[in-house]
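Please look over the sequence and the structure shown here before reading on, and keep them at hand while you work through the points that follow.

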Amino acid sequence: MRRRGFFAKREIGKMASYAGLIILLCLAPLFMGSYLIHLAILVLMYIILTSSLRTIYISGQLSLGHAAFVGIGAYTSAILAIRLGWTPWGTMLLGGLAAMIAGILIGFPFSRLRAIYFSMASLFLGIMVTALIAVFPKLTEGYTGLMNIPRLFGFPKEPYYYFFLVLTLVTLFILYRIEHSRVGMTLKAVAQSHLAASSIGISESRARILALAIGCFFAGIAGAGYAHYSTFIAPTDFALMPSIYLLVYLLVGGTGSFAGPVVGAIVLVLIPYMMGGFRGFAPFFLAGVLIIVIFLIPQGIVSLPNRTKSWIRKLHERRVSKSVS
Amino acid sequence: MSGEFLKVFLETNGLTKYFGGLAAVYQVDMSVNKGEIVGLIGPNGAGKTTIINLISGFLRSSRGSIIFDGENITGKKPHLIAKIGIGRTFQIVPLFNEFTTLQNVVASFYLSADSSLWGSIFRTSTYRKREEYILNQAEETLQLLGLDKVRDELAKNLPHGYQKMLGLARASAVKPKLLLLDEPIAGMNPDEINLALKAIDQVRSQGVTILLVEHNMMVMSICDRVIAINYGQKIAEGSPEEVKKNEDVIRAYFGGEYAT
């Protein structure tokens with residue numbers, strides 16, 4: 001339990017394996033074509049989005065409008081870069097801040113709502129943000145979408161890959177540290193029992209607004225990064241369905257552990273692209289996966305290794321008891 | 001208590017709470033002195049828990065005021081009242097189920113710690129020192145209340161008696177000046193009751209003032225003073241012996257025919 005220095009000593013072995021993984025990820029583009037690199041960038045972005053959704057989730061708030069904050073980040077950054085000609089590097093940060101401020105503002109009223117009521121409110125918020133984007137065509141080009149958003153780098157996609165890799169690692173590091181700290185414990189406490197939490201002096205609304213602020217900030221930054229990567233964004237990119245997809249990634253990956261959203265995003269973002277000509281059926285396939293996961297492994301696919309272990313143990317025990325009798 | 005300077009610590013004036021047309025608590029004036037352990041007794045539905053909920057801010061009073069340590073705390077939010085120094089336990093303990101026993105208590109200590117994001121992310125030395133201090137304090141609290149055996153057990157897997165004790169541990173970890181205990185021994189077996197009474201005594205010996213609610217008359221023995229209420233109104237007040245003999249109290253508990 002005792003920590004010394006920036007990293008605890010007993011974590012060094014873990015750190016080494018993480019370092020190995022990071023080196024592999026850095027070398028990966030050398031062996032990938034531009035299509036695979038594009039896929040990798042999408043996966044990295046979805047890892048940020050799903051993980052930031054989970055940070056909000058652990059405070060007891062199941063958001064059905066997370067994509068709206070991604071959109072706020074993307075549009076803020078894109079509009080500032082196009083209309084005012086500011087450098088995308090600066091506007092991306094402002095995009096994240098805009099999403100964070102939006103998260104805090106809706107947090108004040110929304111933190112009074114619990115469970116399904118919060119989810120419903122966030123769902124309508126998501127719909128509302130899409131509609132708002134469409135209402136100001138002078139600024140946002142409405143449903144046509146914003147085109148020719150300034151790029152961060154020139155044509156080859158590798159720099160984007162490294163940019164998103166760094167962004168993802170930094171995000172995951174920060175979210176992990178927050179979750180495994182006093183702040184994270186406060187968020188989880190509020191989710192488990194708001195009565196108990198307030199009896200020991202934890203403000204429920206403060207904790208929940210904080211979770212929204214953190215989650216929305218990273219969602220906004222990732223959205224802004226996406227805008228400057230794809231150079232084209234439209235309101236539908238941030239509508240209801242993307243929000244629901246994020247939720248599906250989170251549920252399938254597993255809400256209970258930090259790795260859940262990471263695994264969920266990797267597996268589910270890649271599946272449609274591996275279906276080749278059957279890509280049109282991807283939503284049905286995703287729905288099927290979600291239902292199977294909910295029934296068979298409610299803790300998500302991240303719990304599969306432990307699950308299989310216990311299945312094998314049970315099988316083994318059964319065989320042993322049979323041979324004894 | 002004679003000879004000691006009695007300082008009124010908690011005071012309610014005309015405290016009233018309506019649920020719809022029903023007065024669950026009506027015009028209750030009561031006071032708790034510093035260092036005292038006061039019992040609030042009464043039959044089921046008398047309004048005892050409502051009073052606890054009003055004092056701790058979980059309910060807003062319809063009328064009347066609550067003064068704590070010279071400060072008017074009427075209508076304050078529960079987490080702010082906890083910060084002022086009023087801890088509480090619950091009749092049915094709402095625990096952090098997915099936390100271990102230790103984590104439940106550690107969470108309580110966070111009230112006294114800064115929860116800076118910066119410190120959490122970069123694990124600054126102040127953060128780590130604070131963390132170590134909290135951990136030690138939590139372990140100490142567990143030991144004091146005999147919960148160290150179940151330190152790493154998930155709260156939801158604890159037996160009922162332990163859950164109640166954990167509720168007490170968590171409330172005392174807030175370092176309250178006044179502790180409100182809502183039926184601290186309800187549903188416990190005799191062994192657990194002994195343990196709980198000892199634990200309450202422990203907490204009290206650290207100078208914590210206690211107001212406890214029970215409808216079990218046994219607990220009265222550890223009280224300095226007892227206040228009896230029925231139908232939301234105060235019907236008697238005094239030493240445990242006095243209240244036990246009080247006609248109104250006997251009538252409230254056993255019905256009119258037993259009062260002589």
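Which residue of β8(B) does B:Leu179 stand opposite? In this predicted model, B:Leu179 faces B:Ile210 in β8(B). The points below set that pair in its sheet, and then turn to the helices and to the other chain.

**The sheet of chain B**
- Strand β7 (residues 178-182) and strand β8 (residues 209-214) of chain B are paired in the parallel sense, and five bridges join them.
- In general, the strands of a sheet pair through backbone hydrogen bonds, in either a parallel or an antiparallel way.
- The open sheet has six strands in the order β6-β7-β8-β3-β9-β10 (chain B), and its pairing is mixed.
- Because β6 (86-88) and β10 (233-238) of chain B stand at the edges with a single partner strand each, one side of each is left without a neighbour in the sheet.
- On average, neighbouring strands of this sheet are turned by 20° against each other, direction ignored.

**Helices on the sheet**
- Helix α1 (residues 48-55) of chain B lies across β3 (37-41), β6, β7, β8 and β9 (225-230) of chain B, and runs at about 145° to β7(B).
- Helix α9 (residues 247-254) of chain B packs on the sheet and touches β9 and β10 of chain B, its direction making about 125° with that of β10(B).

**Where the two chains meet**
- In chain B, 28 residues are in contact with 23 residues of chain A.
- To the side of chain B that touches chain A, α2(B) gives the most, with four residues.
- By class, that side of chain B has 15 nonpolar, six polar and seven charged residues.

Conventions. Residues are numbered from 1 along each chain as its sequence is written. Chains are lettered from A and ligands numbered from 1 in the order in which they are written. This is a predicted model: local features need pLDDT of at least 70, side-chain atom pairs count only at pLDDT 80 or more; totals for chains, interfaces and linings use all residues. Two residues are in contact if their C-beta atoms, placed from the backbone, lie within 7 Å. Helices (H or I, at least four residues) and strands (E, at least two) are DSSP runs, numbered from the N terminus. Ala, Val, Leu, Ile, Met, Phe, Trp, Tyr, Cys and Pro count as nonpolar, Asp, Glu, Lys and Arg as charged, and the others, Gly among them, as polar. Two strands pair if DSSP finds at least two bridges between them. Axes are lines fitted to C-alpha atoms, for helices over the stretch in contact, and angles run from 0 to 180 degrees between N-to-C directions.
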